[in-house]
Amino acid sequence: MNSDRGRQLHLGVFLDAAGHYASAWRHPATPTDMFFRLDYYKRLALAAERGKFDMVFFSDRYGIPDRYGDSFRATVRSLHSARLDPFTLITALAGVTERVGLTATVSTSFSEPFHVARQFASLDLLSGGRAAWNVVTSTSDNEARNFGEERIPDHDSRYERAREFLDVANGLWDSWEEDALVFDKEAGVYADGDKVHYLHHRGRHFGVRGPLDVPRSPQGRPVLVQAGSSDTGRDFAARVAEVIFTAQPSLDGARSFYADMKTRAAAYGRSPDSNKVMPGLMPIVAGTEAEARETEALLAEFADPLAGLAILSDQINYDLSVHPLDGPVPELLEATGMQSRLKLVAKLTQSDSLTLRQLGRFYGGSRLHRKIVGSPVQIADFLQEWFVKGACDGFNIMPPYLPDGLDKFVELVVPELQNRGLFREEYEGRTLRDHLGLPRPASRSRS
Ligand SMILES: Cc1cc2nc3c(=O)[nH]c(=O)nc-3n(C[C@H](O)[C@H](O)[C@H](O)COP(=O)(O)O)c2cc1C
């Protein structure tokens with residue numbers, strides 16, 4: 001091991017039940033009988049902890065994707081489309097893990113800040129400071145239809161609500177000062193009333209008096225994760241995010257995104273270290289490159305173009321089924337979902353003239369996140385290159401199929417990164433902020 005420790009990589013693992021290749025659930029080693037059992041997620045989270053990952057991460061959406069053909073048929077037939085609520089899941093995982101950070105997604109478009117602030121503060125306490133919130137604004141009309149609306153609000157309005165939501169949540173987390181709890185049994189003083197504060201927030205979307213009824217948590221506030229990559233999304237991330245997820249297929253694109261996020265953070269008076277940029281990466285790894293290619297070929301055999309198109313239709317909020325499968329990819333001017341993903345699709349289809357069927361197969365592979373196939377040394381070379389060339393602070397690892405895809409990364413790639421002095425051999429701190437090298441925020445409450 002190289003003891004002269006330089007800058008260290010951060011690693012998260014993006015988990016679901018099957019893995020990220022769209023048809024991974026069909027892989028012979030993927031245990032479909034375990035998909036809804038706590039034992040299985042415990043096994044995955046413990047693998048991440050064995051690999052000294054900073055955190056595990058679960059995404060979320062509110063409903064089964066049904067933008068493609070205005071029906072859930074293509075989705076439920078071809079995709080692992082049933083899921084568990086991620087917040088419930090990380091709460092359960094808090095009880096069976098010790099060190100790994102626990103990140104769940106909650107949308108600001110369909111919830112109230114008091115609820116969400118309270119849940120994450122509670123989890124931060126129960127997990128000993130390991131909670132993180134992936135703040136999303138949601139993308140699809142079918143989610144809105146589960147909350148009394150026909151259409152998802154437009155992109156800018158979603159982010160506007162998200163900004164106010166975060167102002168309220170941060171205020172609520174600060175409503176108890178560090179030393180507000182007294183527990184003086186003799187004097188009969190439970191807490192110091194001068195150290196607990198109303199918020200008195202009244203804004204366009206929310207009216208919240210506060211204070212929270214949960215005291216200040218070990219991390220002060222949970223770690224905030226964000227993944228907006230459009231101009232508005234980047235601005236929001238620069239303002240609030242401490243971890244930034246992004247899909248970056250190329251090194252040059254990733255470098256310019258990285259530089260942009262650090263510059264934008266500075267414009268908000270934040271240091272470049274205050275956010276950790278972690279692009280998604282799908283590693284297909286085996287003992288040798290040839291074996292890794294065989295693994296990829298097997299996964300590709302199961303790929304169903306409709307699965308990829310169902311995911312994409314949902315993410316960009318546009319029904320691709322109205323266009324012929326064997327015709328060219330249409331111009332997607334009316335799509336109102338993820339703006340950054342639309343740009344990546346446009347770039348891909350400009351350089352290679354694809355049919356929709358081909359796009360569906362390709363998109364189902366890694367959803368335009370970077371994929372890398374190879375031996376442990378090749379994968380480690382890739383991570384190192386992006387890290388030293390200023391493209392990232394770490395990676396959000398997206399195993400192609402589970403649990404093997406994660407086990408192989410932990411057994412084969414993590415030791416290679418440790419030998420190169422790029423990644424920790426042991427956890428050094430207790431909280432997720434410790435793992436990520438993020439400061440514990442001071443409470444902004446008045447005393
Ligand atoms: C790794 C990653 C995970 C994401 N997870 C979710 C999620 O769980 N739920 C969701 O609605 N959006 C999710 N998104 C989408 C983002 O929140 C955001 O909508 C998207 O990046 C597009 O942002 P933009 O419209 O600013 O370009 C994720 C994006 C990335 C890159």
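Phenylalanine 183 counts as exposed because its relative accessibility is 51%; here exposed means over 50% relative accessible area, buried under 20%, and partly exposed in between (1.4 Å probe, protein chains only). This is a predicted model, so to speak, with local features needing pLDDT of at least 70, side-chain atom pairs counting only at pLDDT 80 or more, and totals for chains, interfaces and linings using all residues. Residues are numbered from 1 along each chain as its sequence is written, and side-chain values use heavy atoms, with hydrogens and water left out.

Most residues other than glycine have a negative phi, and most peptide bonds are trans. Phenylalanine 183 has a positive phi of about 50° and sits in strand E5 (residues 181-184). Helices (H or I, at least four residues) and strands (E, at least two) are DSSP runs, numbered from the N terminus. Arginine 367 also has a positive phi, about 55°, but this residue is buried, with a relative accessible area of 11%. Its place is the loop between helix H12 (356-366) and strand E12 (370-374).

| Cis bond | Omega | Where the proline is |
|---|---|---|
| Glycine 210 and proline 211 | about -10° | loop between strand E8 (207-208) and E9 |
| Leucine 402 and proline 403 | about 0° | loop between strand E13 (394-397) and helix H14 (404-419) |

**Around strand E9**

In a regular strand the side chains alternate between the two faces of the sheet. Strand E9 (residues 223-226) is covered on both faces: Val223 and Val225 are buried on one side, Leu224 and Gln226 on the other. E9 runs parallel to strand E4 (residues 131-136), joined by 4 bridges; strands pair if DSSP finds at least two bridges between them. Across that pairing, alanine 132 stands opposite valine 223. E9 also runs parallel to strand E10 (residues 243-246), with 2 bridges, and there valine 225 has valine 243 as its bridge partner.

**The second largest pocket**

This pocket holds about 410 Å³ of space. Its lining has 17 residues, with Arg221, Arg239, Val240, Glu242 and Arg270 nearest the centre. A pocket is an open set of points on a 1 Å grid over the protein atoms alone where a 1.4 Å probe fits, with protein on both sides within 12 Å along at least five of seven lines; lining residues have an atom within 4 Å of a point. Helix H6 (155-173) and helix H7 (231-240) each supply at least two lining residues, and H6 gives the largest share, 3 residues.

Technical notes. Grid points are joined across faces, edges and corners, and a volume is the space filled by probe spheres set on the points.
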